[in-house]
Amino acid sequence: PACSMGNSTSRLYSALAKTLSGSAVSQHQDCLEQPDSARLDPIDPKDLLEECQIVLQKRPPRFQRDFVDLKKNAASNHRPIRVMQWNILAQALGEGKDNFVQCPMEALKWEERKCLILEEILAYKPDILCLQEVDHYFDTFEPLLSRLGYQCTFFPKPWSPCLDVEQNNGPDGCALFFLKDRFELINSANIRLTAMKLKTNQVAIAQTLKCNETGRLFCIAVTHLKARTGWERFRSAQGCDLLQNLKSITQGAKIPLIICGDFNAEPTEEVYREFSNSSLNLNSAYKLLSPDGQSEPPYTTWKIRPSGECRHTLDYIWYSQHALNVNSALGLLTEEQIGPNRLPSFNYPSDHLSLVCDFSFNQDPDRLL
């Protein structure tokens, strides 16, 4: 770039540049062979944000989204835990398979789209980040986020559709990141979801963490269920399998639970009802933004495909309502902000909106379910 950046950021710029150049294979090699010390050299998030903004100079600025305060009761006595859920759109699918007819190819260039994704993450500073459709884990997210202080876990789909795309960057999957200075990992499970006793192509990661400040345990899970109409029963079976796994991991909800995911299911679907009515006593955090606290947002994804406009609510953050409070939730983009060509766009890197919530532990953990 034309502007000078001074010494502190030039090293960082080369870190960002490293994730931009070369073929996928050489990127993987580079990443795997880098000495640990180079990768663990901490990055100041402000510096990384500045780098991203330099790359994004020609793009329109980020949209303003505000947090909605949902606290009904007295303030909690610990810092809230900020959780971010986001299907970031796999690069191979965005460029190769998803047919966003109104989105210029130019807007999907990885060099810039990657910086838009990082900018969104850096703007909200989540303590825990749950992503789906991650196909640049090893060359981008793991090297950068680990240097921002996150512990990183990735579980790829066994047969990722990305692999059908020429010049792909490997399989896509779910990724989970948490700040190491806030939490200690107690237990981690990679779950390959089954449906009707068959192993499927969908996965989940579930980790039991200990909050350093309160000493409380909780479980965080991320998943991405099967897409497409006609697969409702299949999604329902996958949801049942995930709930069974989580029941055993949380000892039947003794350990509070937060589940983030792209469920590929509207609230009218069976899998949504399974989560709502589960013995784990879950509620969907984004319902709390509605006037009566009972209905989901009108959309979490909005795109235009050759078959027409698709506006759906598919993404959720579920939580144990007996043990956790939602202090606030990030408002969605308005239709006006999204614009007539919908998502993704020069302004926004994915066809799904990010969801962000601040949670606190209930003061009285022994309250009955």
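1. The lining of the largest pocket comprises 14 charged, 8 polar and 8 nonpolar residues. The structure under review is a predicted model, and the points below should be read accordingly.

2. The volume of this largest pocket is about 770 Å³. Its lining consists of 30 residues, of which Lys226, Ala227, Arg228, Asn264 and Arg305 are the closest to the centre.

3. Several elements contribute to the lining of the largest pocket. At least two residues each come from strand S7 (198-211), helix H8 (232-249), strand S11 (301-305) and strand S12 (308-312).

4. Cysteine 357 belongs to strand S15, which covers residues 355-361. Is cysteine 357 buried or exposed? Cysteine 357 counts as buried because its relative accessibility is 0%, and the cut-off for buried is under 20%.

5. The surroundings of cysteine 357 also deserve attention. Leaving aside residues up to four places away in sequence, cysteine 357 touches Ile81, Arg82, Val83, Ala285, Tyr286, Ile317, Val326, Ser328 and Ala329. Glycine 331 lies 26 residues from cysteine 357 in sequence, and the C-alpha to C-alpha separation of the two is 9.8 Å.

6. On confidence, the mean pLDDT of the chain is 89, with 87% of its residues at 70 or more. Residues 1-9, however, have a pLDDT below 50, and this stretch has 10 contacts in the model beyond near neighbours in sequence. Residues 21-35 likewise stay under 50 in pLDDT, and the model gives them 17 contacts beyond four places in sequence.

Terms used. Residues are numbered from 1 along each chain as its sequence is written. This is a predicted model: local features need pLDDT of at least 70, side-chain atom pairs count only at pLDDT 80 or more; totals for chains, interfaces and linings use all residues. Side-chain values use heavy atoms; hydrogens and water are left out. pLDDT is the predictor's confidence in each residue, from 0 to 100. Contact means heavy atoms within 4.5 Å. On a 1 Å grid over the protein atoms alone, a cavity is a set of points where a 1.4 Å probe fits but cannot get out, and a pocket is an open set with protein on both sides within 12 Å along at least five of seven lines; lining residues have an atom within 4 Å of a point. Grid points are joined across faces, edges and corners, and a volume is the space filled by probe spheres set on the points. Helices (H or I, at least four residues) and strands (E, at least two) are DSSP runs, numbered from the N terminus. Ala, Val, Leu, Ile, Met, Phe, Trp, Tyr, Cys and Pro count as nonpolar, Asp, Glu, Lys and Arg as charged, and the others, Gly among them, as polar. Buried means under 20% relative accessible area, exposed over 50%, partly exposed in between (1.4 Å probe, protein chains only).
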